[in-house]
Amino acid sequence: MSETTTGGTARTPEFRLASGVIETLRQDLVTDAFAYRPLPLLEAPGRFVRRLPRAIRQYFPWTRYAMVGALALFVVVFTAGSQSSYLGDTGELLMGMMAAAPVLMTLVRPVAAWWAAVALTVVFAALGSGGAWPWTPGSFLAYIAVMVLVTLRTGPRVAAWMWTLTLALGFVLGVVFRNSYGYGYGAGTNLPEMAVSSAFALVIASSIQIRRHARAEVSAQQEVTAVERDKRTLLEERTTIARELHDVVAHHMSVVAIQAEAAPYRVKNPPPELEAAFATIRENAVAALTELRRVLGVVRSADYEAPDAPQPTLASLDGLLANVREAGLSVDKTVTGAVRELPQGVELSAYRIIQEALSNTLRHAPGAEAGVEISYVLGGLGIRIVNEAPTGDVRPSPGAGHGITGMRERVAMLEGEMTAGGTPGGGYEVAVFIPVPSRPVPEEGPA
């Protein structure tokens with residue numbers, strides 16, 4: 001159907017199109033035309049500005065305001081020098097200030113500034129100038145300046161509306177004042193000059209605004225992408241940790257199930273309550289193992305392959321260091337304190353932290369020497385991996401940026417502490433402390 005009916009009145013597509021155009025005009029130039037919209041201050045100074053003295057650099061955010069103020073001052077001087085008024089120098093200065101007022105208004109109320117420029121055009125046209133009409137040289141400059149500034153603040157659609165209404169304004173003034181000043185439409189009017197000059201100016205301003213808007217959208221999208229990438233990296237690292245710890249937890253639960261099944265046979269004539277309790281423990285352990293397998297299925301990626309060997313511990317560290325040395329990294333290991341067996345989760349995390357730190361050294365500091373220090377202290381385990389500044393002509397590899405994130409996640413999981421950063425000599429250091437609760441010493445029973 002080509003027509004719709006609302007409230008008993010048929011509306012043709014042409015009528016709807018015209019209504020849409022009028023509504024767009026109302027939204028752009030009428031609704032909230034006098035709303036307070038201050039020009040945003042500049043935020044990020046450039047490289048040149050950073051080199052300026054602090055006393056000057058602190059005023060950098062107000063650069064836009066200063067530029068608009070300088071333009072308004074130029075309009076005052078230009079209008080006063082080009083405007084002929086029967087009021088003398090005072091009248092010329094007053095008209096120059098009137099022409100510059102809309103330029104300053106663009107700083108806080110851009111759309112209202114254009115309406116003020118339209119009103120001043122009508123006033124100047126009514127006063128007459130004996131020369132260019134209806135825009136005097138000063139008001140001509142001020143009018144175009146206002147339209148350019150408003151376009152930079154709003155957008156191309158508002159610029160199109162301003163240009164169209166400017167043509168209508170020139171036509172109406174030509175008709176209204178034709179008898180009073182002898183100007184017929186198209187004769188003695190500078191509307192064609194205004195139409196051409198403003199069109200070029202608005203096209204350039206619209207291009208600048210479109211490019212600025214596109215750059216802002218790209219920057220915002222890059223920020224969103226970076227946040228999403230960090231979240232994805234974090235989830236991937238946590239998933240990897242969960243898959244690795246699955247084997248550790250499954251081993252402990254298997255031991256619990258086996259011990260619960262064998263415990264009743266270690267006591268002569270165990271009471272039925274004890275047998276039932278151990279049977280319940282075994283059933284719960286088996287059920288927990290089943291749920292663990294399901295959890296592993298959830299966090300397993302499509303290309304995940306179950307490891308053939310048990311998860312590594314600090315006892316496997318020598319093999320890791322040998323592989324790293326074969327890859328070209330000179331690394332030394334230092335162990336302090338009484339070496340003791342730690343919980344498997346701690347051993348696995350410590351191994352992975354050292355592995356990732358040495359991998360980062362290979363990527364980011366080729367040719368450097370590294371050192372690994374492991375400290376067994378009373379309250380836990382200390383780890384320190386430090387490397388010197390890169391040497392040689394080999395360029396560092398950028399890497400994916402997941403290493404530090406993964407190490408921090410492992411340390412946070414164990415409620416430890418970690419610091420990572422550069423050293424004064426140009427190298428890099430990773431220091432970790434993992435708390436390990438002391439195990440109670442079991443009491444020896446009778447022989």
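Trainee: What percentage of the 447 residues in the protein chain is buried? Then please turn to helix 12: which of its residues are buried, and what covers them?

Mentor: This is a predicted model, in which local features need pLDDT of at least 70 and side-chain atom pairs count only at pLDDT 80 or more, while totals for chains, interfaces and linings use all residues. Residues are numbered from 1 along each chain as its sequence is written, and side-chain values use heavy atoms, with hydrogens and water left out.

Of the 447 residues in the protein chain, 34% are buried. Buried means under 20% relative accessible area, exposed means over 50%, and partly exposed lies in between (1.4 Å probe, protein chains only). The chain has 14 helices and 7 strands; these are DSSP runs numbered from the N terminus, with helices (H or I) of at least four residues and strands (E) of at least two.

Helix 12 spans residues 317-326, and its buried residues are L317, L320, L321 and V324. Viewed down the helix axis, these fall within an arc of 95 degrees, so they line one face of helix 12. The arc is taken from the directions that run from the helix axis to the C-beta atoms. As background, an α-helix has 3.6 residues a turn, so residues three or four places apart point the same way.

The cover over these buried residues includes strand 3 (330-336), helix 13 (344-364) and strand 4 (369-377). Contact here means heavy atoms within 4.5 Å. With helix 13, the partners can be named: L317, L320, L321 and V324 of helix 12 meet Y351, I354, Q355, L358 and L362 of helix 13. By class, this contact has 8 nonpolar residues, 1 polar and no charged ones. Ala, Val, Leu, Ile, Met, Phe, Trp, Tyr, Cys and Pro count as nonpolar, Asp, Glu, Lys and Arg as charged, and the others, Gly among them, as polar.

The axes of helix 12 and helix 13 are 11 Å apart, and the packing angle is about 10 degrees. Axes are lines fitted to C-alpha atoms, for helices over the stretch in contact, and angles between N-to-C directions run from 0 to 180 degrees. The two helices are therefore roughly parallel to each other: that label covers angles under 35 degrees, with over 145 roughly antiparallel, 65 to 115 roughly perpendicular and the rest oblique.

After helix 12 comes G328, whose phi is positive, near 110 degrees.
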